[in-house]
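Me: I've got a two-chain model to go through, and I'd like each label checked against its cut-off. Can you take me through it?

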Amino acid sequence: MRPFLIAATVLLLIASPAAALSTSDCLDCHSDKDLTKTVDGQDKSLYIDEKTFAGSVHGDLDCTDCHEDLADVEDEHGETVKKVQCANCHDDVAESVANSIHARSNAEVASDLPTCSDCHGKHDILPPDNTRSHVFALNIPATCCKCHGSVEIASRHPSLDSKVCSDYEAGMHGIVLIKSGIVSSAVCNDCHGSHDIKSSKDPASRVNRANVDDTCGKCHASIVKTYRQSVHGKLYASGSKDAPTCPSCHGNHRIDRAMDKEFMVTVTKRCSQCHPEADATFKNTYHGQVTGLGDTAAAQCPDCHGAHNILPKEDPASMINPDNLVTTCGKCHVGANENFVRYMPHADYHDVKKDPGLYYVYLAMVILLSGVFIFFGIHTILWFLRAYHDERKKRD
Amino acid sequence: MNDSMHVDQAGLEDKWYLRFTYYHRFLHALIIISFLGLVLTGMPLKFNESAWAKGWANLLGGIQTAAYIHRFFALITFLYFFLHLAFALYYIVRVRKEPFFKWLLGPNSMMPWIKDVDDIIAHFRWFLGLGERPRFDRFTYWEKFDYMAVFWGVGIIGVSGLLLWFPVFFAKFMPGWVFNVAIILHSDEALLAAGFIFTIHFFNTHLRPEKFPLDFVIFTGRVTEKELRHERPLEYERLVENGELESISTTPPSRMTLIWARIVGFTAYGIGLIMIILIVYSAIQELH
C-alpha cells in the first residue's frame, strides 16, 4: 500500500493550493476503499464513506473540526493522527463519563474501557432515536455486549460477569425488546444510565439499593406505588437493610415473567431466605410438598400473601386478613367457606406451644410408628436368627 | 429342603388343601395393585425435597398426574375394603355355623384373643430357645395384626385421604383444622403402612428362611398336607377331628399359577425394596 500512499500524496501536493485542508481534500484520499494503514501487523481501513458521514450528526462539520491537529496541515499529514477529543465540544458528557465506572482511572486494564466511539461510532454517529444508531434502544444491548458479553474481557475484570448479556436476553426485558420488538422495553441504559454509569455498590448508582425502586418505577410506576405501601416497602423506607427491593424477588438481568412456573418456583425460595420459619411450616403442607417438587399447582407465597401488596394480617386490605380469607382461599378452592379457612397453612406440629392439638396428634403417630417398628423389628430379627439356625441344622 | 421347593417339586406328590378361595385371592390381588400404586404415587410428595422424588414425579407425568393416578388406586382401595365388608357380613349372616361370639373368639375369626397373647410370648420364647414352637391355628397373631393393620390403615388413610381430596365439601360440616390433622395422619400412617408391608410383612410371610423366597399360598390358595400339619397343627387336628379335612381337599396348583405368583411376587419385592431404600435414604438426608 505504501507506494500508492506516496503516489496519492504526491497527487494531492500537485492538485491543492497552499491552504487548510477542506473536507473534499480529505476525501480525495479517504474515499478510496483500498486505503489502509498497518496497525499492529493488521491492515486497518482508512476509507470514509462520504454519504454516511454527510448523514451523520456531524455531517455539517469539517474533518478538521474534530481532527484538530490537521487544521494547520497544508497539504499532507503524517502517519500518526491525534485521537479526536470529543470533550472539546461535549464537555458536560465528558465530565459524566469521567465520574463513571467507565472512567479510565478505574480500571486495571485501561485499554478495555470504552471511549466515546466504542459506543457511538466514529464517522457514522447518528442521534439515539435513529433506528440505525449504535445507541438506538434496539441496538443498545448489542453495543454494550461487545464488551459485557465478552468472556475474554470479563476474565480481566473480576467485577464483570459475561453472563449478564445472555441473562438479559433470556429475561423479560430482553424478550420484549428482541422477540417482540418493543423498543420501550428496558435496555441497559434505562436502568444503568448512559454516560454516568456507576457501580451498583455506589449509592449514586441508579441500580443501588437506595435508588433501584425509583429506577424500576420509571416504567413500573403503579407497582412501585403499591410496593411502597406494603410491609416490604415500608421496611425499605425505614432504611432497613433487610427490606427486599425489586431485584430481591425479580432478579436483575434475567427477570422472569411473574406468571411463569420458573419464577413462581424460585420466588418461594427467595421468600424463604428471609422467612425460613414460614418456609419450614409451608413444607409440611400439601401446598409446600407440591411446590417442593417444582410444581406450581398448589398455593405458593404470593398466592395467599400477594406480591407487591403484601400487608400485615391486621390490615383490613391484607389478603390474609381474616375477613378476606374466604376470598383468598376461594381463588383456588372454589366454594371455600368460613369453616374451610380455619385450616392452618403454617401450622407447626413440632411446636407444642404453638399448635398443641396437632403436636399431640403428631406425637401419637410417632409413638405408633416407633412402637410398631421397634416391636416387629425385634420380632423379625429374633425370628430370622432362630429360623436360620433351625434351617441350617435341618440341612446338616 | 425348604418348603417352597417342596410346593414346587415334591409338592405334586402331596395332598393339597384349599386355604384361600378365589374371592380371598382376588381381594389380595386388589390390595397388592392398589397399595403399590398408592405408595409409588404418594411417596414423592412426602419426600419432595429429594432429587429422586422430583425425577420420579416427572416420570409419572408431573405430580398432578401422579395425584390422579393416586386417586384411581384409592378407589380400588375403597372397592376392596367394601367388598371385604360385604364378604364379612355375608359370612357372618349366611356361612357362620357357630353362635356369633363363639365364632368371633374362635379360630376362624380374625379377632385377636387370649391365645394370640400366649402365642406371642411362646413365639418369643422359641426365638430364644426357651421353649417349643407354639402350635398355631388357622390364623396366627402376625396374620391377624396384618389384617387389623389394613383395616385400621385403610380407615385412617382412607378417611383422611377423602378429606384432603374434597376439602371444600367436607368444610361444609367441619372446621378447616381437620385438614391439618388429616395431613399428619395420612402421611405418617402411609409411611407406617409402606414401611411395615415392605419389611415386616414381606419377612413374616415370604422371606423368612422357612418360606424363602416366596410363600405361594395367597396366589394359589393351596397348601400341602405337610405344610398344614407343620404350620397350623391345631387347625389340621381340628379339621381331622371334625371330619372336615376332606371338604377342603383340592388339586395341586397349576404351573401357570406358580409362574404368575413369581412374576407378581418378585415385582412387588422389587418395588418394595426400592421404596424402602429411598425412604431410608431420604429420612437420613432430612436428619442432616
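Predicted model: local features only at pLDDT ≥ 70, side-chain atom pairs only at ≥ 80, totals over all residues.

Me: What is the area buried between chain A and chain B?

Reply: About 4300 Å², with carbon and sulfur atoms giving 74% of that. Buried area is the accessible area (1.4 Å probe) that two parts lose on being put together, summed over both. On the chain A side, Leu293(A), Phe376(A) and Trp383(A) lose the most area to chain B, together 18% of what that side buries.

Me: Why is Lys283(A) with Glu49(B) called a salt bridge?

Reply: A salt bridge needs a side-chain nitrogen of Lys or Arg within 4 Å of a carboxyl oxygen of Asp or Glu. For Lys283(A) and Glu49(B) the closest N and O atoms are 3.6 Å apart, so the pair meets that cut-off. The count between chain A and chain B is one salt bridge. There are also nine residue pairs in polar contact between the two chains, both residues at pLDDT 80 or more; a polar contact is a pair of N or O atoms within 3.5 Å, where within protein one must be able to donate a hydrogen and the other to accept it, and residues adjacent in sequence count only if both atoms are side-chain atoms.

Me: What makes something a cavity rather than a pocket?

Reply: On a 1 Å grid over the protein atoms alone, a cavity is a set of points where a 1.4 Å probe fits but cannot get out, while a pocket is an open set with protein on both sides within 12 Å along at least five of seven lines; lining residues have an atom within 4 Å of a point. By this rule there are four cavities of 30 Å³ or more. The largest cavity holds about 60 Å³, and its lining includes Tyr343(A), Met344(A) and Ile183(B). Helix α9 (residues 177-207) of chain B gives the largest share of that lining, three residues.

Me: And what is the volume of the second largest pocket?

Reply: About 970 Å³. Of the 31 residues that line this pocket, the closest to its centre are Lys46(B), Phe47(B), Asp188(B), Leu191(B) and Glu286(B). The lining has 18 nonpolar, eight polar and five charged residues.

**Local details**

Me: How do you know that Asp196(A) and Arg206(A) form a salt bridge?

Reply: Their closest N and O atoms are 3.0 Å apart, so they pass the test too. Over all chains, the count comes to 26 salt bridges.

Me: What is the peptide bond from Phe212(B) to Pro213(B), cis or trans?

Reply: Cis, with omega near 0°. Pro213(B) sits in the loop between α9 and α10 (217-220) of chain B.

Key
Residues numbered from 1 in each chain as written. Chains lettered and ligands numbered in written order. Heavy atoms only, no water. Points joined across faces, edges and corners; volume = space filled by probe spheres on them. Helix = DSSP H or I, 4+ residues; strand = E, 2+ residues; numbered from the N terminus. Nonpolar A, V, L, I, M, F, W, Y, C, P; charged D, E, K, R; others polar.
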